[in-house]
Amino acid sequence: MLTFEPSSADYDTERAGFQTHSDYRPALVAGAASAADVRAAVALAAERDLPVAVQSTGHGLPPAGEPGVLITTHRMRELTVDPVERTARVSAGVRWAEVLEAAAPHGLMPLLGSAPHVGVIGYTLGGGLSLFGRPFGWAADRVRSLEVVTADGALQEVGPGSELFQGLLGGGAALGIVTAMTFELLPLPELWAGGLFFDTGLIPDALRVWTEWTKTVPDTLTSSIAVIPFPDFPGVPEPLRGRRVAHLRITQAGPAADDLLAPLRALGPLLDTLGPLPLTEVGSIYNDPTTPAPFRSSNRMLRTADALTTRRLLAHTPPGPHIVELRHLGGALASPAANAVGDRDAAYLATITTLAPDADTPAAHEALFAALAPWTSGGRFRNFLTDPAEARHPRWVHELKARLDPAGRFGVLPEAQKPITACGV
């Protein structure tokens, strides 16, 4: 285990993550290369009576509060694909792009999200909303086993019959530090994917038509639509440069769905990139940034959405560098499972991401979701929350946390999720 004190030359490099909107300075950074190193770091934190946080790629903010021990896992890069069992086993530092490259030659695919550079374990513990979510469900539901270090420093291998296993999937690292994960791979389907881009004046119509259209599509098709202010930079495609546009993203696990797109294509998109796509190029669908940057994201699960929802969304999006998005849920994402991934009856996910956030950003996000309150379930999706304090967990996860980590070594869970009373639209 490598250790980095605030006075160490490489301290800032080791604590840095993809998310740069953070002033968290841990008392110690522990660079782990194995599960044994993670155990040693947890033991050291207990000896010094310090809280523990864990970071692989660092897409989220660390917990607020007392500076503690930050365990970095990016050196833990073991990856094994079993094409017979159709499984992969990864250590805590592996990213989805690596799994993609290892699985595709066997005709297999993982349930990765829109950004292949994201770490496998953090994504999956948050639930894992895949590009193939509607046909195949949450990534968390495909996990076979977890290797985890608990607050007492023990290393355990847990499976579906374990309450710890169930709580970690959807509950995140508050119950323990997952050092390895085994999960299912799926037979690679024919893939038809890409996007449509709509100019500024068509944004309201694009959102309205998309919302109506999602109620007609098969479960093989997963989509989202985002309103994006593209900068006037040379790297941005010429038709999008300096424009605020709506970007419809589509993944069809099956043959071409051109016949389904007629209502949206009739609006006259600026760009149309839909077509057959190799699995190893799925990162091009969203084309998420790969350069570390400051940002803040928040979200709410929606019970439904209609034309009024999209008008409210646009009317209450503040001016400036804000990206708002609606993702279509349902299909296999609504299937029950024995884990802590909640709000499975939600039909949509609404997200706002602010680039270069300032002190007013949290209030702007809350104002947007207040306007969407008639449609929200109250739930949040953990993967797209920059601030861990916004997460919500079932009461049984809080009870499990109290038993397994009474000292709060792995942080404090936000307030227990209360029953939701639906309100009319």
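These legends walk through several close-up views of a predicted model. Because it is a prediction, local features need pLDDT of at least 70 and side-chain atom pairs count only at pLDDT 80 or more, while totals for chains, interfaces and linings use all residues. Residues are numbered from 1 along each chain as its sequence is written, and side-chain values use heavy atoms, with hydrogens and water left out.

**View 1. An open sheet of 4 strands, in the order S1-S2-S4-S3.**
Helices (H or I, at least four residues) and strands (E, at least two) are DSSP runs, numbered from the N terminus. The pairing in this sheet is mixed, where two strands pair if DSSP finds at least two bridges between them. At the edges sit strand S1 (2–4) and strand S3 (52–55), each pairing on one side only. On average, neighbouring strands here are turned by 25° against each other, direction ignored. Helix H2 (residues 35–48) packs on the sheet, where H2 touches S2, S3 and strand S4 (69–72). The direction of H2 makes about 175° with that of S4; axes are lines fitted to C-alpha atoms, for helices over the stretch in contact, and angles run from 0 to 180 degrees between N-to-C directions. Look also at S1 and strand S2 (residues 28–31), which pair in the antiparallel sense over 3 bridges.

**View 2. The hairpin of S5 and S6, with arginine 86 in the turn.**
Strand S5 (79–82) and strand S6 (87–91) run antiparallel, joined by 4 bridges. There are 4 residues between the two strands of the hairpin, and threonine 80 stands opposite arginine 89 in S6. What is the phi of arginine 86? Its phi is positive, about 55°, although arginine 86 is not a glycine. For background, most residues other than glycine have a negative phi. Arginine 86 counts as partly exposed because its relative accessibility is 41%; buried means under 20% relative accessible area, exposed over 50%, and partly exposed in between (1.4 Å probe, protein chains only). S6 itself is mostly covered, with 4 of its 5 residues buried.

**View 3. Glutamate 184 in strand S10 (residues 177–184).**
S10 pairs with S6 in the antiparallel sense over 5 bridges, and serine 91 stands opposite alanine 180 in S10. Glutamate 184 is partly exposed, with a relative accessible area of 23%. Which residues is glutamate 184 in contact with, leaving aside its neighbours within four places in sequence? They are Arg86, Thr87, Arg142 and Arg144, with contact meaning heavy atoms within 4.5 Å.

**View 4. The hairpin of S8 and S9.**
Strand S8 (residues 143–149) and strand S9 (residues 155–158) run antiparallel, and 4 bridges join them. Valine 148 has glutamine 156 in S9 as its bridge partner. The hairpin has 5 residues between its strands, and glycine 153 in the turn has a positive phi of about 85°.

**View 5. Helix H7 (residues 203–214) crossing helix H10 (residues 307–315).**
The two axes come within 9 Å and cross at roughly 145°. On the H7 side, the meeting residues are Ile203, Pro204, Leu207, Arg208 and Thr211, and on the H10 side they are Ala307, Thr310, Leu313 and Leu314. The residues of this contact divide into 6 nonpolar, 2 polar and 1 charged. Here Ala, Val, Leu, Ile, Met, Phe, Trp, Tyr, Cys and Pro count as nonpolar, Asp, Glu, Lys and Arg as charged, and the others, Gly among them, as polar.

**View 6. The buried residues of helix H12 (residues 395–404).**
Val397, Leu400 and Lys401 are buried in H12. Seen down the axis, the buried residues of H12 fall within an arc of 105°, so they line one face of the helix; the arc is that of the directions from the helix axis to the C-beta atoms. Helix H6 (163–171) is included in what covers them.

**View 7. Arginine 409, in the segment after H12.**
Is arginine 409 buried or exposed? Arginine 409 is buried, with a relative accessible area of 11%. Leaving aside neighbours within four places in sequence, its contacts are Ala45, Ala46, Asp49, Leu50, Pro51, Val52 and Ala151.
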